[in-house]
Amino acid sequence: MTKHNNKGFIGRLSNFISSYRGQIFFNFAYSIGAAIVIWGVLFKLLHLPGGNTLLAIGLGTEIVMFIITAFDLPVEVRSYDTSPTDKPTETHQPHQMASVDPTLADRADKATREYCEQTEALTENMKRLNEIYSNMLSALENSTSTKIK
């Protein structure tokens with residue numbers, strides 16, 4: 001992530017939120033806050049004492065986390081130039097895709113082709129079964145209508 005230029009409180013807060021430790025802190029705080037809210041709701045539903053306090057603490061935690069998250073820096077996105085000779089500009093992304101092993105890609109491609117073939121065969125079998133079912137219904141209808149008349 002790009003470091004925030006402002007050295008003041010907001011800049012330090014943005015840098016912390018964007019850091020790995022900041023992300024760990026926020027995951028922890030969100031989870032604990034949500035757990036306390038759910039616990040408070042459970043206490044309220046069961047009319048147990050302390051439900052109001054648990055809800056206030058949990059929702060207060062969530063409010064603070066949402067306000068602080070407003071200072072988070074946006075994730076950078078790869079940009080591509082329109083010139084065919086230029087390579088894409090690399091920027092840091094938290095979850096970049098790893099290169100795929102060619103043998104794994106071949107196996108996946110083969111498995112996908114087999115799946116498509118099996119799906120087509122299944123479709124054909126279903127069509128044949130529907131025709132047989134339709135013929136049986138017609139024959140049953142004809143046999144019952146002749147017996148009634």
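Is His47 buried or exposed? Hi everyone, let's begin there. His47 is exposed, because its relative accessible area is 71%, and here buried means under 20%, exposed over 50%, and partly exposed in between, with a 1.4 Å probe and protein chains only.

A quick word on the model. It is a predicted one, where local features need pLDDT of at least 70, side-chain atom pairs count only at pLDDT 80 or more, and totals for chains, interfaces and linings use all residues. Residues are numbered from 1 along each chain as its sequence is written, and side-chain values use heavy atoms, with hydrogens and water left out.

Back to His47, then. This residue sits in the loop between α2 and α3. For context, most residues other than glycine have a negative phi.

Now the helices on either side of that loop. Helix α2 covers residues 20–45 and helix α3 covers residues 51–69; helices here are DSSP runs of H or I with at least four residues, strands are runs of E with at least two, and both are numbered from the N terminus. The two pack at an angle of about 150 degrees, and their axes are 7 Å apart. That makes α2 roughly antiparallel to α3, a label for angles over 145 degrees. The axes are lines fitted to C-alpha atoms over the stretch in contact, and angles run from 0 to 180 degrees between N-to-C directions. Where α2 and α3 contact each other, the residues divide into 17 nonpolar, seven polar and two charged. Asp, Glu, Lys and Arg count as charged, Ala, Val, Leu, Ile, Met, Phe, Trp, Tyr, Cys and Pro as nonpolar, and the others, Gly among them, as polar.

My other residue is Asp72, in the loop between α3 and α4 (102–148). At 29% relative accessibility, Asp72 counts as partly exposed. What is Asp72 in contact with, leaving aside its neighbours within four places in sequence? Those partners are Ile17, Ser18 and Gln23, where contact means heavy atoms within 4.5 Å. Asp72 and Gly11 are 61 residues apart along the chain, and their C-alpha atoms are separated by 9.9 Å.

Finally, the whole chain. Its secondary structure comes to four helices and zero strands, running α-α-α-α from the N terminus on. Of the 149 residues in the chain, 13% are buried. Among contacts with a separation of 6 or more, 44% are between residues 24 or more positions apart.

Definitions and conventions: Angles under 35 degrees count as roughly parallel, over 145 as roughly antiparallel, 65 to 115 as roughly perpendicular and the rest as oblique.
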